[in-house]
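Please read the following report alongside the sequence and the coordinates.

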Amino acid sequence: MNYNWNWGVLFEEPYLEWLISGVQWTFAVALAAWVIALVVGVTVGVGRTLPSRPIALICTVYVELFRNVPLLVQMFLWYFVVPEIVPEDVGRWMKRDMPNPEYVTAVVALGLYTASRVAEQVRAGVQSVGSGLTSAAYANGLSVAQTYRYVLLPIAFRLIVPPLTSEFLTIFKNSSLALTIGLLELTAQSQQIAEYTFQGFEAFTAATVIYVCIALLATVAAQAIEKHTRIPGYVGGA
């Protein structure tokens with residue numbers, strides 16, 4: 001059976017606007033969540049490598065908890081459960097008065113989940129730096145904070161650019177789960193177009209092409225950053 005493609009439907013009102021709106025919400029969720037993921041992930045990742053056992057334990061518990069619970073479950077917990085277990089006034093504000101609760105929930109859930117994965121990348125990057133550099137830093141009188149600031153982190157961040165690129169791409173794909181709590185991002189808008197027009201192939205093909213374009217742009221940018229920050233003598237170095 002031959003399928004009659006009708007690409008023109010995607011350029012009709014209001015479906016084109018729906019796609020554009022979906023792309024905007026996808027970027028808004030992914031980029032805001034990425035900021036949270038970097039800030040929290042770097043903090044937790046560094047914490048896991050500190051000499052302080054209590055801090056390392058707390059950071060490890062965070063990583064294991066957020067990394068091993070499916071993102072969809074976490075999104076439901078943040079959206080449906082958290083407002084019911086916080087103080088009543090706070091829960092009422094979260095459910096009724098908080099601006100864009102679906103967006104805020106998606107950003108927080110996706111950001112904290114991705115942070116657990118970023119933390120592992122940071123931990124691996126710090127631990128991959130030779131112990132001789134750390135010993136040399138301490139021998140020259142640097143404190144723990146100075147050793148991390150001037151020796152470990154500058155090298156570690158340059159080493160983990162490739163895996164961070166993968167996480168950055170993943171956060172765009174994972175943003176599609178926000179449709180389950182009512183956020184009309186790209187996948188949700190494509191589904192809505194399919195329901196209104198019965199042109200599901202066209203709608204989801206358009207979404208696929210957009211996701212691929214986003215991934216290609218991010219990959220090209222990441223490759224440029226990786227080339228600029230590459231350390232000769234390490235894996236991938238010139």
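## Overall features

Of the 238 residues that make up the chain, 40% count as buried. The model is a predicted one, and the descriptions below should be read with that in mind.

Along its principal axes, the C-alpha trace spans about 70 × 55 × 30 Å. The accessible surface of the chain comes to about 13200 Å², and carbon and sulfur atoms account for 65% of that area. Among the contacts in the chain with a separation of 6 or more, 77% are made by residues 24 or more positions apart.

## Packing of helix 5 and helix 7

Two packed helices are described by the angle between their axes and by the distance between those axes. For helix 5, which covers residues 101-128, and helix 7, which covers residues 144-159, the angle is about 115° and the axes lie 8 Å apart. The crossing of helix 5 and helix 7 is right-handed.

Which residues of the two helices meet? On the side of helix 5 they are V122, G125, V126 and S128, and on the side of helix 7 they are Y148, L152, L153, A156, F157 and L159. Sorted by class, this contact of helix 5 with helix 7 has 8 nonpolar residues, 2 polar residues and no charged residues.

Once residues up to four places away in sequence are set aside, A119 touches G41, V44, G45 and V63. A further pair involving this residue is A119 and Q24, which are 95 residues apart in sequence and whose C-alpha atoms are 27 Å apart in space.

S190 is found in helix 9, which covers residues 186-197. Is S190 buried or exposed? With a relative accessibility of 0%, S190 counts as buried. Leaving aside its neighbours within four places in sequence, S190 is in contact with L19, A203, F204 and A207.

I214 lies in helix 10, which covers residues 200-229, and, at a relative accessibility of 10%, I214 counts as buried. Residues up to four places away in sequence being left out of the count, I214 touches F27 and F172. In the case of I214 and F27, a stretch of 187 residues along the chain corresponds to a C-alpha separation of 9.5 Å.

## Cysteines

How many disulfides does the structure hold? The number is 0. Two cysteines can be described by their accessibility: C59, at 10% relative accessibility, counts as buried, whereas C213 is partly exposed, with a relative accessible area of 40%.

## Backbone geometry

Most residues other than glycine have a negative phi, and most peptide bonds are trans. Against that background, a few places in the backbone of this model deserve a separate note. The peptide bond from E13 to P14 is cis, with omega near 0°, and P14 is found in the segment before helix 1, a helix that covers residues 15-49.

N100 is not a glycine, yet its phi is positive, with a value near 45°. The place of N100 is in the loop between helix 4, which covers residues 88-97, and helix 5. Its relative accessible area is 45%, and N100 is therefore classed as partly exposed, a class that lies between the limits of 20% and 50%.

F198, likewise not a glycine, has a positive phi of about 60°, and F198 is placed in the loop between helix 9 and helix 10. Why does F198 count as exposed? The relative accessible area of F198 is 70%, and F198 is exposed because this value is over the limit of 50%.

Methods:
Residues numbered from 1 in each chain as written. Predicted model: local features only at pLDDT ≥ 70, side-chain atom pairs only at ≥ 80, totals over all residues. Heavy atoms only, no water. Axes fitted to C-alpha atoms, helices over the stretch in contact; angles between N-to-C directions. Helix = DSSP H or I, 4+ residues; strand = E, 2+ residues; numbered from the N terminus. Left-handed = near helix turned anticlockwise from the far one by under 90°. Contact = heavy atoms within 4.5 Å. Nonpolar A, V, L, I, M, F, W, Y, C, P; charged D, E, K, R; others polar. Buried < 20%, exposed > 50% of the residue type's maximum accessible area, 1.4 Å probe, protein only. Areas by Shrake-Rupley, 256 points an atom, 1.4 Å probe, with all protein chains shown as cover. Disulfide = S-S within 2.5 Å.
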